[in-house]
Amino acid sequence: MIWAYLYNIVFYASCGVTVLATILMISRHNAVHALLYLIISSLSLAIIFYLLGAAFAAALEVIVYAGAVMILFVFVVMMLNQGQRSAAHEAAWLPARGWILPSVLAAILLSLLLIGMYSDQPLQPYGVHGVAVKDVGIALFGPYVLVVELSSFLLLSGLIGAFHIARKMPSHMSSNELEEVDHG
Amino acid sequence: MKQKTGLGQYIYIVWDYFYSNIVTLVKVASHTFTKADTVEYPEQMPYLAPRFRGRIVLTRDPTGEERCVACNLCASACPTDCISLQKTEDESGRWSAEYFRINFSRCVFCGMCEEACPTYAIQLTQDFELAEYERQNMVYEKQHLLIDGPGKHPDYNFYELSGKAVSGRAKGAGTQEAEPVNLKSLLP
Amino acid sequence: MSPVMYNLLNVVLILVCVVFGAALLTWLERRLLGIWQDRYGPNRVGPFGTLQIVADMIKLLMKQDWVPPFADRLIFIVAPAFAMFVVVAAFAVIPMAPGVGVVDLNIGLLFFLAMTSLGVYAVMFGAYASDNKYAMLGGLRAAAQMVSYEVFMGLSLMGVVMLAGTFNLRELVLAQADGWFIGPQIVGFFIFFMAGIAESHRTPFDLPEAEHELTAGFHTEYSGMKFAMFFIGEYVSVLMSAAMITVLFFGGWLGPAWFPPLGWFLLKTMALVLLMILIRGSLPRPRYDQLMSFGWKFMLPLALVNLLITGALILI
């Protein structure tokens with residue numbers, strides 16, 4: 001019966017989609033098409049997360065990566081609006097011999113992964129227990145609270161930096177505003 | 001000068017925006033119970049004023065002859081240049097239009113032609129429903145424009161007061177004409 | 001009836017009802033806007049003009065399905081379908097009544113947020129693929145607007161999640177048996193309502209498709225059924241926002257027993273849809289920078305303060 005294998009079918013199908021979409025994402029010349037494949041790759045990655053029991057990670061993968069980070073990428077690409085010209089550039093920049101080294105490196109990684117998967121001791125059993133949102137929260141604010149605080153420092157510094165950049169500098173003021181400053 | 005905004009003022013501004021939007025919502029919602037201003041046109045004809053200007057017609061004399069003398073004043077008065085005509089003269093001496101063409105897809109019903117017309121020939125009617133499926137059908141020829149009656153001025157007959165010799169009748173012989181003045185005579 | 005058949009029936013009925021409900025909403029909105037603007041609205045086709053939907057659909061189907069030669073063909077075709085897919089998929093997690101609902105996800109609320117955050121792509125890719133300056137401006141506006149309004153859309157819901165202690169929407173509704181969350185979370189409701197309107201980019205937050213400035217914004221180049229997908233998708237997302245607010249703040253299907261649970265759910269959803277249409281009919285569109293500063297300088301602090309106070313009250 002096909003239903004018994006449904007889990008495996010979905011799992012391997014989404015794995016295949018992820019790999020294929022990532023390869024296509026690297027090899028596209030049009031930046032927006034590449035981003036489209038990157039989004040598909042992260043969506044199928046979310047499905048894999050969900051099937052492995054990490055529902056919260058799956059939701060965050062979609063909300064944060066696909067829903068927010070990628071949008072900024074698309075935003076920038078649209079702002080630059082390169083079009084056909086840059087696609088031609090990309091094609092010129094990516095000759096066949098440029099693929100050799102990355103391919104070798106990726107093959108090494110793949111062989112490591114295959115050895116890990118098919119050796120006598122599997123790396124990690126999958127699909128056994130689900131991680132609930134509550135578990136994630138307890139983990140974040142229990143054993144990993146220091147990491148959370150450190151990353152919040154990072155975000156705060158980013159925030160301050162953005163504020164500093166966006167702040168109006170006196171040298172950028174118009175003459176009117178400068179006069180106002182002079183007269184107090 | 002930019003003013004410093006205190007917290008109290010900030011709260012007041014926020015409240016003010018919030019309140020004004022709520023008021024807008026309530027006022028718009030209260031229109032649920034007001035009557036619609038729409039006139040449901042094809043079933044319910046709107047009131048047309050007596051001097052409403054609509055489709056243009058060409059009228060006739062009380063005697064049934066065409067009033068238009070093809071003087072071209074209407075065409076020159078027309079702001080959209082939608083009137084085009086050509087003068088011709090028959091054997092009796094009456095002037096008339098050889099063709100008279102109005103392109104109603106350009107006409108704006110301004111009534112300038114009616115005011116310019118010296119013979120009350122061209123007149124605007126109450127009809128404004130000029131819908132056609134083909135654009136060419138909006139161009140009206142003389143036979144489409146001519147009506148059988150005299151229109152707004154039933155007793156007016158141009159050739160009876162213009163002093164023009166016509167139909168074998170001498171100058172000044174019309175019913176509303178005086179005898180022509182004899183310029184060579186010294187008599188009072 | 002076997003469980004599989006029951007589930008299948010659930011899926012098909014909800015899908016059909018949602019799409020037809022959205023189509024009917026186009027008529028309802030035009031009639032209501034008419035009433036509020038002292039007009040009649042569409043009242044010619046069928047009784048009270050209800051068959052106007054059929055007429056519109058025939059018109060859209062007969063229209064030429066035009067893909068501009070300068071457009072990015074693949075993305076141009078995929079974008080409207082994606083717009084429709086995302087909002088309909090978000091409906092899958094909404095529990096309408098006991099036994100009525102497609103799936104019962106433990107991360108239902110997060111799934112909803114994920115789907116709304118993916119909704120931007122339809123707009124952005126539609127705008128990019130059109131290769132049109134108005135579409136591009138609309139797409140840029142949509143991206144910035146929806147990304148920033150998503151932030152406090154999520155934050156405003158955290159108060160509700162804290163009170164109920166779950167992300168499961170069915171349990172969220174049941175947690176409101178003692179009292180709707182609109183009481184303790186009135187601020188959260190206000191923020192989520194605004195964000196919901198902004199997410200479905202309707203007036204007064206319809207800057208991505210502001211007719212006066214950008215002709216039609218991101219769907220300038222779309223016609224025929226592709227345009228209809230964007231159009232109906234907008235109304236499905238209105239229904240979705242209203243249904244979500246009903247579930248989160250107004251106790252979902254809960255209500256006195258003299259009315260069926262599904263009836264209560266539909267009644268509350270309908271009331272919220274009416275409110276959204278009323279807002280569309282009365283409030284003007286802000287300027288773009290006003291929209292942004294309203295979001296980041298007012299709504300975000302408000303959501304954070306709401307979160308803080310709710311957390312403090314729960315701890316006490």
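Which residues does A:Ala59 touch, not counting residues up to four places away in sequence? Select A:Ala59 and then C:Ile107, C:Leu110, C:Phe111 and C:Ala114, which are the residues in contact with A:Ala59 under that exclusion, where contact requires C-beta atoms, placed from the backbone, within 7 Å.

This is a predicted model, in which local features need pLDDT of at least 70 and side-chain atom pairs count only at pLDDT 80 or more, while totals for chains, interfaces and linings use all residues. Residues are numbered from 1 along each chain as its sequence is written, and chains are lettered from A and ligands numbered from 1 in the order in which they are written.

Now display the contact of chains A and C, which takes 19 residues from chain A and 20 residues from chain C. On the side of chain A that touches chain C, α3(A) gives the most, with 13 residues; helices are DSSP runs of H or I, at least four residues, and strands are runs of E, at least two.

Finally, move to chain B, where 7 bridges join β2 (residues 83-89) to β3 (residues 95-103) in an antiparallel arrangement, and where B:Glu89 stands opposite B:Trp95. Between these strands of the hairpin are 5 residues, and B:Gly93 takes a positive phi near 100°.

Definitions and conventions: Contact = placed C-beta atoms within 7 Å. Pairing = 2+ DSSP bridges.
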